[in-house]
Amino acid sequence: MMRTTKVLLLLLIAASASAQQARPDLPVVMVEVAQASVTRVAPRRWVPGSVVSRNDARLATSAAGRLEYVAEVGTRIRAGERVAKLEDEAVRLRVEDAKTEMMRIEAQRAMSERQLQRIEKLANNSISQTQLDEVRSQLAMLTAQLQQAEVRHRSARHDLEQTEVRAPFSGVVTERLAQRGEYVATGASIARLVDTVHVEARVQAPLALLSSVKPSMELPIKVGNKQLPATVRTVVPVGEERSRQFELRMLLADSTFNVGSAVEVGLPEREATEALVVPRDAIAVRQTGNYLMRIRRDNTAERVAITSLTTDGDLVTIDGPVSAGDVVVIRGVERLQDGQRVAILSRDAALKGKPRPDA
C-alpha cells in the first residue's frame, strides 16, 4: 500500500512538470528572439547636457552712433551679410576731408619734385648747395605729410566700414540687443547671432568620471527618444569648485538637433569587463522582480527570474540562471506565460544588429 502511494505521487509530479512544460490551452504567440552572450561591457552613468552652437556671438561694433537698421529676430543671415547699420554721415564727411587733404599734399609734393629736378640741373652754375638742401628737405617733409594723410584716410574709411555690422558666420538672429533709433556706444552689443548648423553637445559630468573619458571616444547619446553614437571632441580636465564637475563637448553625427535641446550622455564608470548580457528589450520589469522568457528546445517559453545589473547601450548585464547561448524573447515578453508555445520570427545571435536568419 505504501509503495503504491509513492508511485502515484511520482506520477502526479511528472504530470505537473509536463503541464508546466507546455500549455496547449494557450494560443501560440509570435515572438522575436536573440541570444544571451558574454561580451565586454562597461557600466554607464547617464548625465544630462544640452545641444549648443559652436558659433554663438553677440555682435558689436567699434564705432558709436545712432542705429538706422537692425535685422529682425529670426532672420537667417549668411556670412558677410549686414546685420545692423549705424548713421554714417559724419564719418563720410571725415573720409572726404581726409581724401581732400591727401590730394592737396600730393599736389604740393609733385610740385616740389619738379622744382627739385630743375634745381639739380642748375646746381653747378648759379644754385648754391644750401638752396638744394632746402628743396630736398621740403620734398621729404611733404612725403611724410602725404603718408600721414593716407593713414588718416584709411582710418576714416575703416570707421565708415564699422558703421555696418556684418555676420562673421552664417546663422539666425535670435535677439536684438539694441533697437532702431537708439544711440550705441563703442563696443556695445547690438544683436545675437547663432549658428544652427554646426552644433555639439555640452555636458557637465562628475569629476569621478574624468579618468574614464578621453577625446575621440565614441559614447551613446540620447536626444528625446532617439539614441545615437557621438564622439568626444574635447575634455576640459578642470573641475568647477562648487559643483565638482568637469565639462566635455560631444560632436553630434546628426546636425538637425535644435540648439538648447536636452541630451543625456552615457559615460563609462569603469573599464570594460566581460559579463553575461541580453538586449534591454528581453527584460520585463515588475515590482515583484525582473524576469525574462527563455525558449526551450520544444519552442515553449520558460520564465526565468533575473537581476539587472548595469546597462551599456542596448545591452544589460544580468545575474541569474541564464547561460551564454540561451535563446531569450526580445519582442512579446509581456504577452507570454510560462509554458506557452511560441512561433519564432527571427533570431539575433550576435546582439550587434546583424541580419537575423529565419528560424
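The charged end of Arg-303 sits over the ring of Tyr-291, 3.8 Å from its centre. Lys-222 is placed likewise over the ring of Trp-46, with its charged end 4.2 Å from the centre. A charge counts as sitting over a ring if NZ of Lys or CZ of Arg is within 6 Å of the ring centre and within 35 degrees of the ring normal. The number of aromatic pairs is zero, a pair being rings of Phe, Tyr and Trp (its six-membered ring) with centres within 6.5 Å.

The model is predicted: local features need pLDDT of at least 70 and side-chain atom pairs count only at pLDDT 80 or more, while totals for chains, interfaces and linings use all residues. Residues are numbered from 1 along each chain as its sequence is written, and side-chain values use heavy atoms, with hydrogens and water left out.

The protein chain holds three helices and 23 strands; these are DSSP runs, numbered from the N terminus, of at least four residues for helices (H or I) and at least two for strands (E). Of the 359 residues in the chain, 36% are buried, where buried means under 20% relative accessible area with a 1.4 Å probe, protein chains only. Among contacts with a separation of 6 or more, 76% are between residues 24 or more positions apart; contact means heavy atoms within 4.5 Å.

Strand E3 (residues 44-53) is largely enclosed by the rest of the structure, because seven of its ten residues are buried.

| Strands | Bridges | Bridge partners |
|---|---|---|
| E3 and E16 (residues 262-268) | seven bridges | Pro-48 and Glu-264 |
| E9 (residues 171-176) and E11 (residues 189-194) | four bridges | Glu-175 and Arg-192 |

E9 and E11 belong to an open, antiparallel sheet of four strands in the order E4-E11-E9-E6. Its edges are strand E4 (56-60) and strand E6 (76-77); each has a single partner strand, so one side of each lacks a neighbour in the sheet.

Ser-53 lies in strand E3 and is buried, with a relative accessible area of 10%. A polar atom of the Ser-53 side chain lies 2.8 Å from the backbone oxygen of Asn-55, and one lies 2.5 Å from the backbone oxygen of Asp-195. Apart from neighbours within four places in sequence, Ser-53 is in contact with Val-194, Asp-195, His-198, Val-199 and Val-259.

The largest nonpolar core has 23 residues, of which Ile-221, Leu-248, Met-250, Leu-252, Val-265 and Leu-267 touch the most other members. Strands E3, E12, E13 (218-223), E14 (226-236), E15 (245-252) and E16 each supply at least two residues of this core. A nonpolar core is a set of buried Ala, Val, Leu, Ile, Met, Phe, Trp, Tyr and Cys residues joined through side-chain atoms within 4.5 Å. A second, separate core of 18 residues includes Val-165, Val-173, Ala-178 and Leu-193. Not counting residues up to four places away in sequence, the residues that Ile-221 touches include Trp-46, Ala-201, Leu-228, Leu-252 and Val-265.

Conventions: Buried means under 20% relative accessible area, exposed over 50%, partly exposed in between (1.4 Å probe, protein chains only). Two strands pair if DSSP finds at least two bridges between them. Rings of Phe, Tyr and Trp (its six-membered ring) pair if their centres lie within 6.5 Å; planes under 30 degrees apart count as stacked, over 60 as edge-to-face and the rest as tilted. A polar contact is a pair of N or O atoms within 3.5 Å; within protein, one must be able to donate a hydrogen and the other to accept it, and residues adjacent in sequence count only if both atoms are side-chain atoms.
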